[in-house]
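Here are my notes for a colleague who is new to this one. Please keep the structure open as you read.

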Amino acid sequence: MPILVNGTEVEPPADPRVSLLDFLRERLELHGTKLGCNQGACGACTVLVDGSERILSCLALAVQYEGRAITTIEGLSGNGELHPLQAAFIECDGFQCGYCTPGQICSAIGMAAEIRRGVPSHVTADLAADSIALDHDELRERMSGNLCRCGAYNGIVEAIRETFASEGAAK
Ligand code: FES
Ligand code: FES
């Protein structure tokens, strides 16, 4: 069964051992998704499944996603328009070298969807609340799996906060 990558059906690799990250980068030449640690520790390889679930593609096998939709950073913009979060990263100086940026952006989009679904985090104080506000602590905790070696965190946080500050979800 094909995998839908950024809206295009592609055949999965014949070798079931190929990671989703290697499949995207080496077979499909979608180099926006970055290889960092290759062991689940840095978040550089984050992509979205079915539009809103964030996963680490270095820890996933491509064949696991047959019949599912994968969105990489290349798939977020459309009709010549950047995704609002991409634009906010530029506006807020949310990157220096840019190596972590695709993962940060995909992760933040997935994170905002988790907030909308009312998924609590380690720092959510009131598990019975009707909604979870994307405040200072929630944002930092929920993005803590995405590392930035350049230390551009202030701009990253500002871009995410500006884009998703109104996020909250009825539970
Ligand atoms: S490359 Fe996947 S988490 Fe670091
Ligand atoms: S901008 Fe360089 S690693 Fe984050």
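**Notes on the pocket, the domains and the cysteines**

1. Start with the largest pocket. Its lining is made up of 15 residues. Nearest the centre of this pocket are Tyr 99, Cys 100, Leu 147, Cys 148 and Arg 149. Keep in mind that the model is predicted.

2. How much space lies in the largest pocket? The computed figure is about 190 Å³.

3. Ten of the residues lining the largest pocket are nonpolar. Four are polar, and one is charged.

4. Where does the lining come from? Domain 1 (3–75) and domain 2 (84–164) each supply at least three residues to the lining of the largest pocket.

5. Now the domains themselves. The assignment divides the protein into domain 1, residues 3–75, and domain 2, residues 84–164. Taken over C-alpha atoms, the centres of the two domains are 21 Å apart.

6. How many residues of domain 1 are in contact with domain 2? On the domain 1 side there are 17, and they meet 18 residues of domain 2. Between them, the two domains bury about 1300 Å². Carbon and sulfur atoms account for 55% of that area.

7. Last, the cysteines. The count of disulfides is zero, where a disulfide would need two cysteine sulfur atoms within 2.5 Å. Is Cys 45 buried or exposed? Cys 45 counts as buried because its relative accessibility is 3%, and the cut-off for buried is under 20%. Cys 37 has a relative accessible area of 27%, so Cys 37 is partly exposed.

Conventions. Residues are numbered from 1 along each chain as its sequence is written. Chains are lettered from A and ligands numbered from 1 in the order in which they are written. This is a predicted model: local features need pLDDT of at least 70, side-chain atom pairs count only at pLDDT 80 or more; totals for chains, interfaces and linings use all residues. Side-chain values use heavy atoms; hydrogens and water are left out. Buried means under 20% relative accessible area, exposed over 50%, partly exposed in between (1.4 Å probe, protein chains only). On a 1 Å grid over the protein atoms alone, a cavity is a set of points where a 1.4 Å probe fits but cannot get out, and a pocket is an open set with protein on both sides within 12 Å along at least five of seven lines; lining residues have an atom within 4 Å of a point. Grid points are joined across faces, edges and corners, and a volume is the space filled by probe spheres set on the points. Ala, Val, Leu, Ile, Met, Phe, Trp, Tyr, Cys and Pro count as nonpolar, Asp, Glu, Lys and Arg as charged, and the others, Gly among them, as polar. Domain bounds come from an automatic or database domain assignment. Contact means heavy atoms within 4.5 Å. Buried area is the accessible area (1.4 Å probe) that two parts lose on being put together, summed over both.
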